[in-house]
Amino acid sequence: MFKKILIANRGDIAIRILRACKEMGIKTVAVHSLVDASLMHVKFADESVCIGPNKSSDSYLNISAILSAAELTGADAIHPGVGFLSESEKFATMVAGHGMTFIGPSPKHLAMMGDKIVAKKTMANLGIPVIKGSDGEVKSIAEAKKIAEKSGYPVLFKAASGGGGKGMKVANSPDEIENAFKMAKAEAKANFGDDCVYMERYLSHPRHIEIQILADSYGNVVHLGERDCSIQRNHQKLLEESPSIALSKEQREQIGEIVRKAVKELGYVGVGTLEFLYENGEFFFMEMNTRLQVEHSVSEEITGIDLVKEQIRVAAGEKLNISQKDIIFRGHAIEFRINAENPETFFPSPGKIDELYFPGGNGVRVDSHVYRNYVVPPYYDSLIAKIIIHAATRDECLAKARCALDELVIDGISTTTDLHKKLIRNKEIIAGDFDIHWLENNLQALTKGEEK
């Protein structure tokens with residue numbers, strides 16, 4: 001087992017990793033930017049190193065600074081957390097080159113799944129259902145129109161190196177192809193330095209269903225069920241739950257087993273998530289996230305499995321001590337992402353937190369890095385807390401969530417708390433009658449108090 005792990009991240013995920021390390025008896029090193037010197041994980045870690053100025057490019061994305069900090073402190077492994085360098089093939093390769101372990105999959109699998117075109121082809125060959133569209137990069141408007149004629153409209157252009165909704169544009173007819181193609185390429189180039197795009201049929205009313213997996217280097221793979229992440233805005237998730245109210249027990253078992261077998265054949269090691277669009281009883285592969293997910297907490301609550309500890313163990317070369325038959329799904333869990341944003345415009349709201357009170361009680365979990373008088377900086381992701389609720393049933397979960405969100409106090413900045421309060425009181429949300437477009441179609445009415 002590792003003796004010392006450097007945590008190459010910040011915020012709630014850094015604290016989450018730190019806690020797992022402490023429980024496992026592993027020493028920790030926290031790296032931080034100048035503005036993050038007061039973060040709780042920096043105070044709680046055994047050692048801390050400032051790796052640069054406030055901008056991510058100068059600190060949390062500064063590979064040389066992170067590797068120097070690891071060597072300086074004698075760390076034998078680096079945990080990249082979520083975001084930043086967590087899916088960087090280059091970083092993983094350099095970590096290994098410096099004689100340390102990257103706590104994540106191999107550079108080979110990072111590269112394979114980082115290219116959405118390659119990922120789609122790979123998964124299709126492994127028996128994972130994929131959506132109709134181009135076989136690879138779409139290089140011209142004429143080619144795009146030919147593919148669209150076969151797959152049918154509407155179609156969606158997607159960045160091959162993309163993620164987070166960037167580089168995605170819809171064309172509803174041949175007249176819209178040229179503009180969508182050019183905009184997708186431009187956005188892909190601006191965000192990822194690569195203007196390569198591919199195309200697939202655009203589903204009108206899908207849900208976003210993802211399957212959590214865990215695999216060791218001995219060919220053992222388990223899945224931890226699905227998460228429904230359909231409540232999102234601009235492809236950014238706001239609320240996640242498990243199990244999905246849209247799936248039957250048989251569908252859940254079927255897609256879980258298909259994914260488990262494919263990941264086993266792939267030879268993948270670590271935690272990962274396969275994301276699907278689900279419509280009319282069919283699953284369509286979108287991408288694989290080769291890292292820990294923000295919403296991993298939901299899967300932990302319904303299975304009782306600590307994903308971070310398991311991720312560290314398999315990275316250290318240990319065998320999984322659980323098999324698929326050992327995994328029992330208990331109750332229902334919902335995660336609410338509390339962002340430092342205006343709940344109507346979603347503009348960032350950095351600033352000082354004057355008053356703070358987190359809810360508690362049975363079945364209420366809070367993952368957060370903020371505290372009273374903490375100043376939320378404008379340089380990073382706006383996520384400041386996750387409220388995770390677990391109960392025996394979905395109805396009980398929603399009832400408990402209403403109490404918890406009503407108790408939550410964060411004064412001094414704007415947050416998305418009020419939006420979540422309205423969401424879980426909406427009749428369609430309560431009934432489970434929603435898809436990935438639901439929030440954008442209902443946001444104006446919801447924020448004005450005209451919701452159904």
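Two strands pair if DSSP finds at least two bridges between them; helices (H or I, at least four residues) and strands (E, at least two) are DSSP runs, numbered from the N terminus. Everything here comes from a predicted model, in which local features need pLDDT of at least 70, side-chain atom pairs count only at pLDDT 80 or more, and totals for chains, interfaces and linings use all residues. Residues are numbered from 1 along each chain as its sequence is written, and side-chain values use heavy atoms, with hydrogens and water left out.

**View 1. Helix α1, residues 11–23, and its length.** The expected span of a helix is 1.5 Å times one less than its number of residues. The 13 residues of α1 should therefore span 18 Å, and the end C-alpha atoms are 19 Å apart, which agrees. After α1 comes G25, with a positive phi near 75 degrees.

**View 2. How covered is α1?** Of its 13 residues, 10 are buried (under 20% relative accessible area; exposed is over 50%, partly exposed in between, with a 1.4 Å probe and protein chains only). Among the buried ones are G11, I13, I17 and C21.

**View 3. Strand β9, residues 207–215, covered on both faces.** In a regular strand the side chains alternate between the two faces of the sheet. On one side of β9, R207, I209, I211, I213 and A215 are buried; on the other, H208, E210, Q212 and L214 are buried too.

**View 4. The partners of β9, strands β10 and β12.** With β12 (residues 270–279), β9 pairs in the antiparallel sense over 9 bridges, and L214 has V271 as its bridge partner. Between β9 and β10 the hairpin has 5 residues, and G219 takes a positive phi near 85 degrees.
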